[in-house]
Amino acid sequence: ELIARELHMRSARAQGPFVTINCGAIPENLLESELFGHVKGAFTGAVASTRGKFHAAHGGTLFLDEIGEMPLALQVKIMRALQDKTVVRVGDTRSEVVDIRVVAATNRVIEDEVKNGNFREDLYYRLNVVNLHLPPLCERGDDILVIARYLLSRYAAEYNGTAKGFSPNAAVAMRKHRWPGNIRELENRL
């Protein structure tokens with residue numbers, strides 16, 4: 001997400017919204033509504049019409065985190081939205097134009113997922129315009145310290161803390177740790 005946010009901030013869309021959705025954290029039956037919105041009465045509990053993440057990102061960037069977790073049925077609808085630059089809210093028949101850039105991330109090897117029939121090949125090629133492979137945190141050498149300093153300064157400001165850096169022992173420990181949870185684990189530890 002840090003990389004996706006930085007891509008957004010350095011783009012011509014920087015003045016637009018940056019909207020994130022974790023495709024693996026939302027139950028399948030709610031994900032379509034979260035992405036595309038819904039109209040009142042579309043399903044039980046839909047007491048009002050709601051705009052989705054595609055609408056919220058209009059003029060900016062939509063970051064689809066853990067896209068490899070997205071169900072095949074929804075991949076078809078994502079493909080259609082990207083192809084036509086329109087979305088249809090759940091329970092509606094009318095399409096709405098959206099102007100967004102999509103950045104997607106996954107910890108899966110999508111080429112393998114395509115071969116195994118778990119990810120649509122057409123969606124893969126639609127999304128794979130520019131591919132950035134980010135190695136695990138443990139393979140990034142001193143990047144760990146750069147990221148840790150950034151996070152420390154952010155949290156120090158947020159919590160009115162006075163921490164300015166790390167002791168030499170803390171820096172060594174950060175470099176030696178394997179960080180199986182990657183940046184999320186580092187962030188949580190800090």
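Strand β4 (residues 61-65) runs parallel to β7, and five bridges join the two. Strands and helices here are DSSP runs, numbered from the N terminus: a strand is E with at least two residues, a helix H or I with at least four. Two strands count as paired if DSSP finds at least two bridges between them. This is a predicted model, in which local features need pLDDT of at least 70 and side-chain atom pairs count only at pLDDT 80 or more, while totals for chains, interfaces and linings use all residues. Residues are numbered from 1 along each chain as its sequence is written, and side-chain values use heavy atoms, with hydrogens and water left out.

**The sheet around β4**

- Three strands form an open sheet in the order β1-β4-β7, and their pairing is parallel.
- β1 (18-22) and β7 (101-105) are the edge strands; each has a single partner strand, so one side of each has no neighbour in the sheet.
- On average, neighbouring strands of this sheet are turned by 20° against each other, with direction ignored; axes are lines fitted to C-alpha atoms, for helices over the stretch in contact, and angles run from 0 to 180 degrees between N-to-C directions.
- On the β1 side, five bridges join β1 to β4, and these two strands run parallel.
- You can follow the pairing residue by residue: Thr 61 stands opposite Arg 101 in β7, and Asp 65 has Ala 105 as its bridge partner in β7.
- Asp 65 in β4 also has Asn 22 standing opposite.

**How covered is β4?**

- Five of the five residues in β4 are buried, so the strand is mostly covered; buried means under 20% relative accessible area, exposed over 50%, and partly exposed in between, with a 1.4 Å probe and protein chains only.
- Thr 61, Phe 63 and Asp 65 point one way from β4, while Leu 62 and Leu 64 point the other way, and all are buried.

**Salt bridges**

- Side chains of opposite charge can pair when their charged atoms come close.
- How many salt bridges are there by this rule? The count comes to 14, where a salt bridge is a side-chain nitrogen of Lys or Arg within 4 Å of a carboxyl oxygen of Asp or Glu.
- One of them joins the side chains of Arg 80 and Asp 84, at 3.4 Å from N to O.
- Both Arg 80 and Asp 84 lie in helix α4 (residues 72-84), four residues apart, which is about one turn of the helix.
- Is Arg 80 buried or exposed? Arg 80 is exposed, with a relative accessible area of 52%, whereas Asp 84 is partly exposed at 37%.
- Another salt bridge pairs Arg 175 with Asp 142, with the closest N and O atoms 2.8 Å apart.
- This pair links distant parts of the chain, 33 residues apart: Arg 175 is in helix α8 (residues 168-176), and Asp 142 is in the loop between α6 (121-127) and α7 (143-158).
- Arg 175 is partly exposed at 40% relative accessible area, and Asp 142 is partly exposed at 48%.
- Glu 187 and Arg 154 form a salt bridge too, their closest N and O atoms being 2.7 Å apart.
- Glu 187 lies in helix α9 (residues 182-189) and Arg 154 in helix α7, so this pair ties together parts that are 33 residues apart in sequence.
- Glu 187 is partly exposed, with 25% relative accessible area, and Arg 154 is partly exposed at 30%.

**Where α7 meets α8**

- Two packed helices are described by the angle between their axes and the distance between the axes.
- For α7 and α8, the angle is about 120° and the axes are 9 Å apart.
- α7 and α8 are therefore oblique to each other; angles under 35 degrees count as roughly parallel, over 145 as roughly antiparallel, 65 to 115 as roughly perpendicular, and the rest as oblique.
- Ile 144, Leu 145 and Ala 148 in α7 meet Ala 171, Met 174 and Arg 175 in α8, with contact meaning heavy atoms within 4.5 Å.

**A look at Ala 42**

- Ala 42 sits in the loop between β2 (37-38) and β3 (50-51).
- Ala 42 is partly exposed, with a relative accessible area of 29%.
- Leaving aside residues up to four places away in sequence, Ala 42 touches Val 90 and Gly 91.
- From Ala 42 to Arg 178 is 136 residues in sequence and 47 Å in space, C-alpha to C-alpha.
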